[in-house]
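Student: I'd like to go through the pockets and then the rings. Can you take the questions as they come?

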Amino acid sequence: MATIGVIVCSQRSPRAGLQITNFVTDTIQEAFPSAALRLVDLVSWDLPLYNEPGIPSQITSIDEYTHETTKAWSREIASHAGFIFVTPQYNWGYPASVKNAIDYLFHEWKGKPAMIVSYGGHGGGKAAEQLQQVLQGVRMQPVEPLVALTFPDKEFTGRASRGEDLGLMEAQGKGLWKEKRQEIHAAFERLNELVNAEY
């Protein structure tokens with residue numbers, strides 16, 4: 001079965017990124033229970049600032065990478081048929097660690113569909129738009145809509161910034177991000193269509 005990598009783009013400590021990513025995956029699984037989603041947490045990879053001598057778009061074989069970390073990252077990304085990026089917004093942009101992770105590779109990303117979910121005090125729409133451009137740059141197929149999860153109030157934002165439990169499963173039952181959950185379903189449906197068209 002074709003798997004979809006769900007990339008946790010935040011590497012902050014503390015962070016809200018993993019909780020929000022789990023919210024996104026749970027939202028997808030409730031509507032698409034057979035979806036094969038696999039977590040790809042950038043914290044676990046801890047990729048150094050790009051340090052390969054070659055230019056990724058000119059590399060055609062995993063053997064051309066110099067470092068074992070890059071080869072492992074290549075295998076990970078190559079193993080998925082599509083991706084969901086769950087990203088915060090920092091100063092109107094997405095985290096540098098995400099750009100670094102993308103820039104390590106080219107052919108492993110090329111042609112694959114991608115969905116973007118951003119989050120933050122203002123929803124992270126600027127970060128999502130920038131990330132969409134970069135994904136197009138590595139010849140991925142970003143799908144619409146871009147989903148922006150806006151934190152409901154300052155108290156919630158403070159808890160998120162401190163990495164505290166946001167109670168997202170309980171809040172979901174109270175209608176948190178109700179319309180956004182529908183957008184997540186719509187974006188994933190399009191992503192899934194593109195993945196299935198390739199397999």
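Student: Which helix gives the largest share of the lining of the second largest pocket?
Tutor: Helix α8, residues 178-198, with four residues. This is a predicted model, where local features need pLDDT of at least 70, side-chain atom pairs count only at pLDDT 80 or more, and totals for chains, interfaces and linings use all residues. Residues are numbered from 1 along each chain as its sequence is written, and side-chain values use heavy atoms, without hydrogens and water.

Student: What counts as a pocket, and as a helix?
Tutor: On a 1 Å grid over the protein atoms alone, a pocket is an open set of points where a 1.4 Å probe fits, with protein on both sides within 12 Å along at least five of seven lines; lining residues have an atom within 4 Å of a point. A helix is a DSSP run of H or I, at least four residues, numbered from the N terminus.

Student: Which residues lie nearest the centre of that second largest pocket?
Tutor: Met1, Ala2, Ala35, Asn192 and Asn196, out of twelve lining residues.

Student: And the largest pocket, which residues lie nearest its centre?
Tutor: Gln89, Tyr119, Gly120, Gly121 and Phe151, among 20 lining residues. α6 gives the most to that lining, three residues.

Student: Now rings. Which ones form a cluster?
Tutor: Phe23, Tyr119, Phe151, Phe156 and Trp177 form one aromatic cluster. Rings of Phe, Tyr and Trp (its six-membered ring) pair if their centres lie within 6.5 Å; planes under 30 degrees apart are stacked, over 60 edge-to-face, the rest tilted. The structure holds eleven aromatic pairs.

Student: Why is the pair of Phe151 and Phe156 called tilted?
Tutor: Because their planes are at 55 degrees, with ring centres 5.1 Å apart.

Note on methods:
Helices (H or I, at least four residues) and strands (E, at least two) are DSSP runs, numbered from the N terminus.
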